[in-house]
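Dear colleague,

Please find the structure below, together with its sequence. My notes on it follow directly after.

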Amino acid sequence: MTSLRRRHTQVSYNVDPYKELDSDAENGAIMDVDSGDEEFDPEGSLVKGKSKDGNHSNGGNDYKDDDEGDSDGQSEAFDVLSDGEEQENEDSGDNDDDEQKDASENEQEGKTKKRRAPHPGFAVRINRRPGLPAKSNSKRERIETIYGNDVAALVAGIKARDLWILDPVIPHRKNLSYTPFFDETQLEIVDLGNGEQTLQWLDYGCDKEEIEKFLPAEDSKLRCILGPLGGQKIITFSRFGICDLSTAHKGRAGHMLNAGGHVVGMDWAPNRPNGFQYLAISIKSPHQTVPEKSLDVPHAYARRPGPAHIQIWRVPADSARGTVAGKPSLALIICHEWGVVQSLKWCPIPKKIEDPTEIGHLAAVFGDGAVRVIQVCFQEEDVDKETSFARITKPLFEGNLPDTLCTCLAWLSTHEIAAGCSNGFAAVWDIRHTIAPENKNIVIPPHHYLPLHQTYILDIQSCFPSYPNTIVTSSMDGHCRLTSLFDPQADTILTGRSRLSSNSVAWVDCIHTVLASEEGTWVKMYPLRRFWSSTSVARQSQGGVILSLGASKCHPFVLAGGGEGEVIVFNPLRKTFHGKIKVYQQTWFQIEYSPKSDMYRIMEGFRMEKISFKSETKGSKGDGHSTVFEERGGITKVGWNQNPEFGGWAAAGTAGGLVRVEDLAI
């Protein structure tokens, strides 16, 4: 009986970057992979191997394993044959006599077999992109669906694998390096300068009354329990107070500080290869006026200008060792009347800063619904003196949309910035056009204004440096969307809808993957070339909703902070290359808040734990519920230092105002 054989596509390269893939199990470079081995002939075609028990197997890992909770596990459509029937190709020259002869022989032997109807589970999926398989049949196909078939990209991907796949949760200091996909020759560096930015320097001694209206209450204090079990201490933080973690827990290379209020924005300054490391923080202003309830303008869509500030903290660094070298201090406070800064990000494009007084360009979304760019600098070179104060009245750049609010932002280059809006649109501005002398006093609209979502956009990220003109957005409509700005109407794709919207998305460049939360607790990754499906990589062990994700361009490790006060660290690269590899995560620390005693408690020293993504068995307790935690005990912002020399530094901000800064690299 004639049947069809599943064919493997033969791919040949002048340089075969997969040569070492088949020797992984032999040299011990890869741990905990399935037993099926694969072989490649000299021409590069795939040959089926045998498992240890002698049975044939495809030797590869499926993208989606039902026992691991992945959302996309559909199989490809094939002809279903009867048991024991051999699949073979029919020669085009076979004639009717041969077929009749075969049929008569089968009748004489009494072994005539009937073809069964295809199983419903093997129905063809019409929403698959042509050329991309529903399942991976080998490690080669798995890697190609991540990095494409370009040899240079594949070699860079294997380099990333070799650097970080053996590190389960924490990066090694010796392996910290900028993403291998970064190409400095493709950068367009534009010096924006300060344009017509207007900044007034203030003296706290003379202008104390004016400055205090922008700051939290001077007598505000926080009490927190720190230290290991049996040696805990109660630490009292004054406004902008600092505590060395080594005083409460020996061996900790970090500090806790009191930012003075609910942390809503936080980011490390890039392009600092040595010297002080700077951390920008924004908090909810205690002087902010809450607008009256109105049916015409809901609270989330109201413009709320008012006095607020941005904090710039300096952290001394040991450039030779890449570690924290001293106690942090508050370097600069920028006061303004534009409302609470809801999101802030430094320009991440690598460049050399010539001016010793300049820190960089900082973009932020303000309470009045506008996005602005500020050049942050000191009056003179920073030498760890007392805090400086400045009041800004006119920024370097201001983007405002009359019919909606900007809610989040992302840098695309040194001169382009993208912002998500409350109406589901995304806007992209070119700062050069706005600050050009010939366009003075002229309102320049965004050159892209795209309808991406049905409603409020929560977060936006650029896929820099590999794909700087591709953006990722998450919205209250439950979807995440990947969009190319080269052809935004045709080259765009959505993820499946989540019942709980993803509050944060992150781009991990070394594995070309987007990370987002699903159903609040799970962290799932969406590869760039397979964005329609997801793979689980981590979960909040306490059941809280993920509020912030932090990725780095110096390594693949990701931070996740939740509403229950837990911060976890994990490595999604392991799951990228091997679908059935063991997945680990570790809790950095956990914070709790007691309204009764008005006190915080921080727990640390957690062990690394293995995560299972198997679905709950019938009759067992599932995750069909969510717990509401105390707001002031939640982790609202997390982030890595983006400088390769200090890429192991992490920061986490809480809703209560405490911020933890620590070197996690080993």
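In this predicted model, 4 strands form an open sheet in the order β25-β26-β27-β28, with antiparallel pairing. Its edge strands, each pairing on one side only, are β25 (457-463) and β28 (492-494). On average, and with direction ignored, neighbouring strands of the sheet are turned by 15 degrees against each other.

Between β25 and β26 (residues 467-475) there are 6 bridges, in the antiparallel sense; I457 has S475 in β26 as its bridge partner. The loop between these two strands, β25 and β26, contains P465, and a cis peptide bond with an omega of about 5 degrees joins F464 and P465. Most peptide bonds are trans.

F240, with a phi of about 60 degrees, is in the loop between β7 (233-237) and β8 (242-244). Its relative accessibility is 15%, so F240 counts as buried, the limit being under 20%. E519, with a phi of about 55 degrees, lies in the loop between β30 (513-518) and β31 (522-527). At 24% relative accessibility, E519 counts as partly exposed.

The largest nonpolar core has 56 residues, of which Y147, L515, L559, F570 and W588 touch the most other members. Helix α4 (residues 151-164) gives the most to this core, with 5 residues. Apart from this core lies another, of 26 residues, among them I281, I283, C335 and F389. Leaving aside residues up to four places away in sequence, the contacts of F570 include P168, V169, L515, V523 and Y584.

With kind regards

How values were computed. Residues are numbered from 1 along each chain as its sequence is written. This is a predicted model: local features need pLDDT of at least 70, side-chain atom pairs count only at pLDDT 80 or more; totals for chains, interfaces and linings use all residues. Side-chain values use heavy atoms; hydrogens and water are left out. A nonpolar core is a set of buried Ala, Val, Leu, Ile, Met, Phe, Trp, Tyr and Cys residues joined through side-chain atoms within 4.5 Å. Buried means under 20% relative accessible area, exposed over 50%, partly exposed in between (1.4 Å probe, protein chains only). Contact means heavy atoms within 4.5 Å. Two strands pair if DSSP finds at least two bridges between them. Axes are lines fitted to C-alpha atoms, for helices over the stretch in contact, and angles run from 0 to 180 degrees between N-to-C directions.
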